[in-house]
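Thanks, everyone. Please have a look at it first.

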Amino acid sequence: MNLDRGAGIALWRQIAEELHGDIERGTFPPGSRLATEEELAARFGVNRHTVRRACALLQDQGLVRIEQGRGTFVQEGVIDYPLTERTRFSENIRRQARTPSGEVLRATVLPADAAAARALGLAVGDPVALVELLSLADGQPIGIAAHHFAEARFPDLIATYHEAGRITETLRRLGVPDYTRRTTRVTARLPDSYEMRHLRIARTTPVLVTEAVNIDPAGRPLEFGVTRFAGNRVQVVVDW
């Protein structure tokens, strides 16, 4: 493409329009990586800063995501994430013909903050077992899930989780065969640096934050969960 340098339209906007067309035509399919800044600069005969502005516009439009150190990728379709009485990550992802997986970010015991204490019926500062996971669909990070449990009730939770590999199986081995959702609160905000790094999102990409309380069959608070979803990859669906 030869840019029209006398059209009164900024070069970076012309480049963005051309790349937008490439994406619509399937030249760059969903999930694929665009050419590098250097390659695009050579293609359009501009400097890398101009290319960078064009890609930033495409990201603002929700067409691509820019991952620091990895490149610019065409955005995949948004995942529907139903919130039900029994919300299970793996089941939600498999229903959409995607492959769920997870990585352990933290597994430790720490003092309960005000939110965890209130949800679990503890005093602020009481020990809670935290298992924090990076949730992925088809290898792409979509959420960071922090699972909090009263350490006094489940002193072996972290060791059991390392053996079981899943929260549901961990609880089953600890004598809780089933659990249900009592409440879920959903808010939105901009990400912090920790979330940007693990979710591979830009500072301007919102995160959807769900705070949930799960209860055991006797109705006792079992888990306080906080999940931060990448807002450009997940839409929360209330399906009760």
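One term before we start. A polar contact is a pair of N or O atoms within 3.5 Å; inside a protein, one of them must be able to donate a hydrogen and the other to accept it. Keep in mind that this is a predicted model.

Now, Ser32. A polar atom of its side chain sits 2.6 Å from the backbone oxygen of Pro29. Where is Ser32 found? In the loop between α1 (11-25) and α2 (37-44). Is Ser32 buried or exposed? Its relative accessibility is 18%, so it counts as buried. Set aside the neighbours within four places in sequence, and Ser32 is in contact with Thr72, Phe73 and Val74.

The largest pocket holds about 750 Å³ of space. It is lined by 36 residues, and Phe89, Ser90, Leu133, His147 and Ile167 are the closest to its centre. Several elements give two or more residues to this lining, among them β3 (79-83), α4 (89-94) and α7 (167-173). Which element gives the most? β9, with 6 residues. By type, the lining of the largest pocket has 16 nonpolar, 13 polar and 7 charged residues.

The second largest pocket has about 580 Å³ of space. Its lining counts 26 residues, with Ile66, Glu67, Gln68, Gly69 and Gly71 nearest the centre. Here α3 gives the most, 6 residues. At least two each come from α2, α3 (48-60), β1 (64-67), β2 (71-74) and α8 (193-199).

Terms used. Residues numbered from 1 in each chain as written. Predicted model: local features only at pLDDT ≥ 70, side-chain atom pairs only at ≥ 80, totals over all residues. Heavy atoms only, no water. Helix = DSSP H or I, 4+ residues; strand = E, 2+ residues; numbered from the N terminus. Buried < 20%, exposed > 50% of the residue type's maximum accessible area, 1.4 Å probe, protein only. Contact = heavy atoms within 4.5 Å. 1 Å grid on protein atoms, 1.4 Å probe; cavity = no way out; pocket = protein on both sides within 12 Å on 5 of 7 lines; lining within 4 Å. Points joined across faces, edges and corners; volume = space filled by probe spheres on them. Nonpolar A, V, L, I, M, F, W, Y, C, P; charged D, E, K, R; others polar.
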